[in-house]
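The briefing below goes through selected local features of one structure, grouped by topic. It is meant to be read with the sequence and the model side by side.

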Amino acid sequence: MIKIENLQKSFDGHEVLKGVSFEVGKGEVFALVGGSGGGKSVLLKHVAGLMKPDRGSVTVDGKEIRGSGKKSLRIFRERLGFLFQGGALFDSLSVFENVAFPLKEKSKLGRNVIREKVMGELENVGLSGSEHRYPSQISGGMVKRAALARALVEDPEIMLFDEPTTGLDPVTGQSILKLIDSCHRRLSFTGIIVTHEIPKVFTIVDRVIMLHQGRVRLEGTPSDFLESRDPVIQAFLNG
Ligand SMILES: Nc1ncnc2c1ncn2[C@@H]1O[C@H](COP(=O)(O)OP(=O)(O)OP(=O)(O)O)[C@@H](O)[C@H]1O
Ligand SMILES: [Mg+2]
């Protein structure tokens, strides 16, 4: 479903992606791992059509994202949910208004339908009763849950998660991963999760991609990764 071919990207002469290729099949969930500053967020932004590659391509269902006009990019974005690194709720909007935002902006749904969808999504992420609170009035874990609800409210076919558990305590982090897993079972989206939660994330993903120095160092199952003899991967696993 998502095909990344020879993706290259530099910033001011600094090569971040040096030719990255891999494919994610429909309904699969991949973990994208690698050192800090290694280009994971940059890669995700290419998949979302938010950045243009210098070379190479990202295609979704056989259609290249870069060549798309504004209209087809918009249609593509409607099929996509993005959980940004940091959560990124609007501080001046309540939890309810945050989750309703994409529906109010992009859909022609009526108020009551939107309300029903938003309340249902808040229930799914365990935030019923907090819909009137503002981001500054809820915990970090609740912010992530609200951001997750906002990303899921449009029933995306593709979900991109950029470090969904960073900054949370281990128990809350684990509950977010479980939540992502249960959402995946319910909605069967195709997903990429950028994460440092190794090995925790391995219980909820099909495959792992490790980026190292701008290239894919390993693509395989979680056990391929954990059992790898590659010294770079062993060093990464040992922190
Ligand atoms: N818009 C941009 N302009 C210039 N340089 C950028 C831009 N976005 C990212 N970079 C650079 O690209 C490199 C990779 O950044 P990226 O955010 O993708 O890393 P990352 O793997 O997500 O790291 P982390 O695990 O810390 O989130 C960094 O050196 C960063 O400074
Ligand atoms: Mg990042």
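Glu 163 has 21 C-beta neighbours inside 10 Å and therefore counts as buried, the threshold for that class being 20 or more. The model is a predicted one, and in it Glu 163 takes a positive phi of about 50 degrees although it is not a glycine. The points that follow begin with this residue and other backbone features, and then turn to the ligand shell and the helices.

**Backbone features**

- Most residues other than glycine have a negative phi, and most peptide bonds are trans.
- Glu 163, with its positive phi of about 50 degrees, is placed in the loop that runs between strand 7 (158-162) and helix 6.
- Asn 6, which is likewise not a glycine, has a positive phi of about 45 degrees, and this residue belongs to strand 1 (residues 2-11).
- Because Asn 6 has 13 C-beta neighbours inside 10 Å, Asn 6 counts as partly exposed.
- The peptide bond that leads from Ile 198 to Pro 199 is cis, its omega being near 5 degrees, and Pro 199 is found in the loop between strand 8 (190-194) and strand 9 (207-212).

**Ligand 1 and helix 1**

- Around ligand 1 are the residues Phe 11, Val 16, Gly 34, Ser 36, Gly 37, Gly 38, Gly 39, Lys 40, Ser 41, Val 42 and Gln 85.
- Sorted by class, this shell around ligand 1 consists of three nonpolar, seven polar and one charged residues, and its largest share, three residues, is contributed by helix 1 (residues 40-47).
- Six of the eight residues of helix 1 are buried, so helix 1 is largely enclosed by the rest of the structure.
- After helix 1 comes Gly 49, which has a positive phi near 75 degrees.

**Helix 3 and helix 4**

- In helix 3 (residues 95-106) the buried residues are Val 95, Phe 96, Asn 98, Val 99 and Ala 100, and what covers them includes helix 4 (111-124) and helix 5.
- Helix 3 packs with helix 4 at an angle of about 130 degrees, and their axes are 10 Å apart, which makes helix 3 oblique to helix 4.
- The crossing of helix 3 and helix 4 is right-handed, and the contact brings together Phe 96, Val 99, Ala 100, Leu 103 and Lys 104 of helix 3 with Ile 114, Lys 117, Val 118, Glu 121 and Leu 122 of helix 4.
- The residues of this contact between helix 3 and helix 4 divide by class into seven nonpolar, no polar and three charged.

**Helix 5 and helix 6**

- Helix 5 (residues 140-152) and helix 6 (residues 170-187) pack at an angle of about 15 degrees, with 10 Å between their axes, and helix 5 and helix 6 are therefore roughly parallel to each other, since angles under 35 degrees fall into that class.
- The crossing of helix 5 and helix 6 is right-handed.
- On the helix 5 side the contact involves Gly 141, Lys 144, Arg 145, Leu 148 and Leu 152, which meet Thr 172, Ile 176, Leu 179, Cys 183 and Leu 187 in helix 6.
- By class, the contact of helix 5 with helix 6 comprises six nonpolar, two polar and two charged residues.

Technical notes. Residues numbered from 1 in each chain as written. Chains lettered and ligands numbered in written order. Predicted model: local features only at pLDDT ≥ 70, side-chain atom pairs only at ≥ 80, totals over all residues. Axes fitted to C-alpha atoms, helices over the stretch in contact; angles between N-to-C directions. Helix = DSSP H or I, 4+ residues; strand = E, 2+ residues; numbered from the N terminus. Parallel < 35°, antiparallel > 145°, perpendicular 65-115°, else oblique. Left-handed = near helix turned anticlockwise from the far one by under 90°. Contact = placed C-beta atoms within 7 Å. Nonpolar A, V, L, I, M, F, W, Y, C, P; charged D, E, K, R; others polar. Near = placed C-beta within 6 Å. Buried ≥ 20, exposed ≤ 12 C-beta atoms within 10 Å, placed from the backbone.
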